[in-house]
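Work through the exercises below with the model open. Try each task before you read its solution.

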Amino acid sequence: MPRTSRARAQEPAPPAELPPASLAALDAYLTQVESVRRRSPLTVRNYRSDLTHYLSHIAARGVEHDAAGRTDVRGYLARLRDEELADASIRRRAATVRGFYRWLDAEGVPLRNKPGDSILRLRYPKVGRRL
């Protein structure tokens, strides 16, 4: 059965409270995306939604945004797959998260993840091919 982005068996958990540092980083990133990279308001809205969902996921697990690693993102992507989100939506969220961390790195924010667990080396989930 193909995955759909709207077919969920259970209600999603309420989002966790985002730490102030995560909110500040998210707002700075979205400001840069909107004003410097000149992305459309709908793109910025989707980035905000995707990143808020991800940051809530790691905050609920007690992980700060600058200490998260690839294993944290993989856990998040596995959760999305368990929620039966469409493969294309999972790839989009993975790309959004990776873009956020690439921006943090370019801005000189020290990332405190475990050695060898860099989100910057995150690979996107494979997409199944149709015949």
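**Exercise 1. A helix and its buried face**

Compare the span of α1 with the span expected at 1.5 Å a residue. Then find which residues of α1 are buried and what covers them.

Solution. Keep in mind that this is a predicted model.

Step 1. α1 has 16 residues. From first C-alpha to last, α1 reaches 22 Å, close to the 22 Å expected.

Step 2. List the buried residues of α1: Ser-22, Ala-25, Leu-26, Tyr-29, Leu-30, Gln-32 and Val-33.

Step 3. Look down the axis of α1. The buried residues fall within an arc of 160°, so they line one face of the helix.

Step 4. Ask what lies over them. The cover includes α2 and α4.

**Exercise 2. Aromatic pairs around Tyr-54**

Classify the pairs that Tyr-54 forms with Tyr-76 and with Tyr-101. State where the partners lie.

Solution. 

Step 1. Count the aromatic pairs in the structure: there are six.

Step 2. Tyr-54 and Tyr-76 sit 5.3 Å apart, centre to centre, with 70° between the planes. Planes over 60 degrees apart count as edge-to-face, and this pair is edge-to-face.

Step 3. Tyr-54 lies in helix α2 (residues 41-60) and Tyr-76 in helix α3 (residues 70-82), so the pair ties together parts that are 22 residues apart in sequence.

Step 4. Check burial. Tyr-54 is at 0% relative accessibility and counts as buried. Tyr-76, at 0%, counts as buried.

Step 5. Turn to the pair of Tyr-54 and Tyr-101. Their centres are 6.2 Å apart and their planes 85° apart, again edge-to-face. This pair links distant parts of the chain: Tyr-54 is in helix α2, Tyr-101 in helix α4 (residues 87-106), 47 residues apart. Both Tyr-54 and Tyr-101 are buried.

Step 6. Widen the view. One aromatic cluster is formed by Tyr-29, Tyr-47, Tyr-54, Tyr-76, Phe-100, Tyr-101 and Trp-103.

**Exercise 3. Salt bridges**

Solution. 

Step 1. The total is seven salt bridges.

Step 2. In the bridge of Asp-27 with Arg-48, the closest N and O atoms are 3.4 Å apart. Asp-27 lies in helix α1 and Arg-48 in helix α2, so the pair ties together parts that are 21 residues apart in sequence. Asp-27 is partly exposed, at 38% relative accessible area. Arg-48 is partly exposed at 38%.

Step 3. For Arg-112 with Glu-64, the closest N and O atoms are 2.8 Å apart. Arg-112 lies in the segment after α4 and Glu-64 in the loop between α2 and α3, so the pair ties together parts 48 residues apart in sequence. Arg-112 is partly exposed at 46%, and Glu-64 is partly exposed at 46%.

Step 4. Inspect Arg-79 with Glu-83: here the closest N and O atoms are 3.0 Å apart. Glu-83 is buried, with a relative accessible area of 12%.

Step 5. Look for a network. Asp-50, Arg-92 and Arg-93 are linked in a network of salt bridges.

**Exercise 4. Positive phi**

Are Arg-38 and Glu-84 exposed or partly exposed, and in which loops do they lie?

Solution. 

Step 1. Arg-38 is not a glycine, and its phi is positive, near 55°. Arg-38 lies in the loop between α1 and α2. At 70% relative accessibility, it counts as exposed.

Step 2. Glu-84, also not a glycine, has a positive phi of about 60°. Glu-84 is in the loop between α3 and α4. At 39% relative accessibility, it counts as partly exposed.

Notes: Residues are numbered from 1 along each chain as its sequence is written. This is a predicted model: local features need pLDDT of at least 70, side-chain atom pairs count only at pLDDT 80 or more; totals for chains, interfaces and linings use all residues. Side-chain values use heavy atoms; hydrogens and water are left out. Rings of Phe, Tyr and Trp (its six-membered ring) pair if their centres lie within 6.5 Å; planes under 30 degrees apart count as stacked, over 60 as edge-to-face and the rest as tilted. Helices (H or I, at least four residues) and strands (E, at least two) are DSSP runs, numbered from the N terminus. Buried means under 20% relative accessible area, exposed over 50%, partly exposed in between (1.4 Å probe, protein chains only). A salt bridge is a side-chain nitrogen of Lys or Arg within 4 Å of a carboxyl oxygen of Asp or Glu. The expected span of a helix is 1.5 Å times one less than its number of residues. The arc is that of the directions from the helix axis to the C-beta atoms. Contact means heavy atoms within 4.5 Å.
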